[in-house]
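Please look over the structure shown here before reading the notes that follow it.

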Amino acid sequence: MALARPTWLLLLTDRLLQAPRRILSVRGPEEALPVVRIPRALQRRQAQRRSGCQSTKRPVLVRPGPLLVSARRPELNQPARLTLGRWECATLASRGWRHRRAHGDYFSIERAQRDMPALRHLSSHDSFADLGLEPRVLRALHDAAPEVVRPTSVQSRTIPPLLRGHNLLCAAETGSGKTLSYILPLLQRILDRPVLDIHRVPAPRGLVLVPSRELAEQVQAVAQSLGSSLGLQVQELGGGHGMRKIRLQLSKQPSAHVLVATPGALWKALKSQLMSLEQLSFMVLDEADTLLDESFLDLVDNILEKSHIAQDPADLEDPFNPKAQLVLVGATFPEGVSYLLSKVGSPGSLTTITTSQLHCIMPHVRQTFLRLKGAEKVAELLQILKQHDKEEKPAASGTVLVFCNSSSTINWLGYILDDHKIKHLRLQGQMPASMRAGIFQCFQKGCQDILLCTDIASRGLDSTHVELVVNYDFPLTLQDYIHRAGRVGRLGSQVPGAVVSFVTHPWDVSLVQKIELAARRRRSLPGLASSVGEPLPQEA
Ligand SMILES: Nc1ncnc2c1ncn2[C@@H]1O[C@H](COP(=O)(O)OP(=O)(O)OP(=O)(O)O)[C@@H](O)[C@H]1O
């Protein structure tokens, strides 16, 4: 914006410009002479003004048609038909967002397609029966989830090799149906294998390790709904409890066939010899990148030591020395994933399944970024929530997830929402286990429309009724952004979702620029493995 210059300054500069290249004095020759130099840009502007010339800026051309990126400044829009080349530079809408003058700016990555990528490229002839599942498993699937008729692309590619006994790494975008892609083969494989002998302690034949107790509850519910009609019991063992509770939980179903557990709780049970993994024939690490990061790696390492992982399908055939098939599942895998995989087994023994949209910005969900001052965030959130409350929606749909980076922000924001009489639920890691239990299920059932949560609700939790994700605090990593945004636009979502992110800090801006560039180029986000199955670097 041009600032109004006082008239005296204009007159002075006009005078000075009469002799543009000379050193100009404004005092007598006897005094010390201050030197005034006229900047060239100002000289040019003044010359233009005098000659009545128009600005040389080209007028902004806003072409009609759908957009891939729409910005507050229309000259930064990108039409949907245009994709930026890999090495091509573009002026980003978020360029200059580190400066405080950018406050109030915004842009959106628009919805480029209606269907989620997992459902594309499927013909109506695809069926679960073609994947090698037995009729009894198909019946169980039909009884438990009649809406699941056609397999998604990740299910079509994952189920057959798992049924053949391969160790597998499945990397596919959020909400694409990864849970069924490992649960169905798990149930069929353990049905096929006889029980060897009676153990003194519970000895599950299938194990699913997950990073949070909410996810353990969810996977247990899916597996149990399928297992019931197959005569299989599925038990959940969530973390945050003492030994007494773990003992009690295990004594409820001592002969459960499948265990869904968090690493901490399982390791406590194994250490106290309340459980054995000797009968294990199928082991899954769901959200594998989290389970292999520093916070869980030691526990997972210990658990893997107690399980006998097969190196290839032939190892599974020996009835006297049972070994377990290993499956790693996730929606994000950081660069250097091969190094992490080498810690759980030989990466060469893993069949790798990845999808084309892995680590990409979801093309079917509108994602908006607002550059705000920290002090404006509360007002903006209240406005979004009040606006959302006014809209008419069917029951248990159109709910909102608000993500913050810390438990203290959740508590503080919760009090503010209470003050404004906005009903909501809160879920954060510092809550005692007893308080935390059941909150996400309650939100899933539609008891409340709004859930304030930290990243413990961002991974794996199914939320097909969520309409809006608000990143009140911008996530700290691109992985977290992918997982949070992945709570909308899921398979079976009842409403087309949207994501709104508040951008306040300079480090937020760096991530936003990476997201915007990846979206404009329609490429995967940087810093995440482009090829999950890449070979390990050779040791020197
Ligand atoms: N073949 C299918 N047809 C229709 N709906 C399906 C199918 N497979 C799974 N679903 C549904 O899709 C939703 C998402 O599935 P799921 O939770 O397994 O996704 P995910 O890939 O594990 O996601 P995340 O990466 O977030 O963990 C669930 O509600 C599930 O019931």
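Arg-86 lies in the loop between β2 (78-79) and β3 (106-109), strands being DSSP runs of E of at least two residues and helices runs of H or I of at least four, numbered from the N terminus. Leaving aside neighbours within four places in sequence, Arg-86 is in contact with Arg-521 and Arg-523, contact meaning that C-beta atoms placed from the backbone lie within 7 Å. Arg-86 and Leu-517 are 431 residues apart in sequence, yet 9.6 Å apart in space, C-alpha to C-alpha.

This is a predicted model, in which local features need pLDDT of at least 70, side-chain atom pairs count only at pLDDT 80 or more, and totals for chains, interfaces and linings use all residues. Residues are numbered from 1 along each chain as its sequence is written.

Helices α5 (residues 178-192) and α6 (residues 213-227) pack at an angle of about 45°, with axes 11 Å apart, the axes being lines fitted to C-alpha atoms over the stretch in contact and the angles running from 0 to 180 degrees between N-to-C directions.

| Helix | Residues meeting the other helix |
|---|---|
| α5 | Thr-179, Ile-183, Leu-187 |
| α6 | Val-219, Val-222, Ala-223, Leu-226, Gly-227 |

The ligand is surrounded by 22 residues, the closest being Gly-177, Lys-178, Thr-179, Gly-460 and Leu-491, with a C-beta atom placed from the backbone within 6 Å as the criterion. To this shell α5 gives the most, with three residues.

Key: Two residues are in contact if their C-beta atoms, placed from the backbone, lie within 7 Å.
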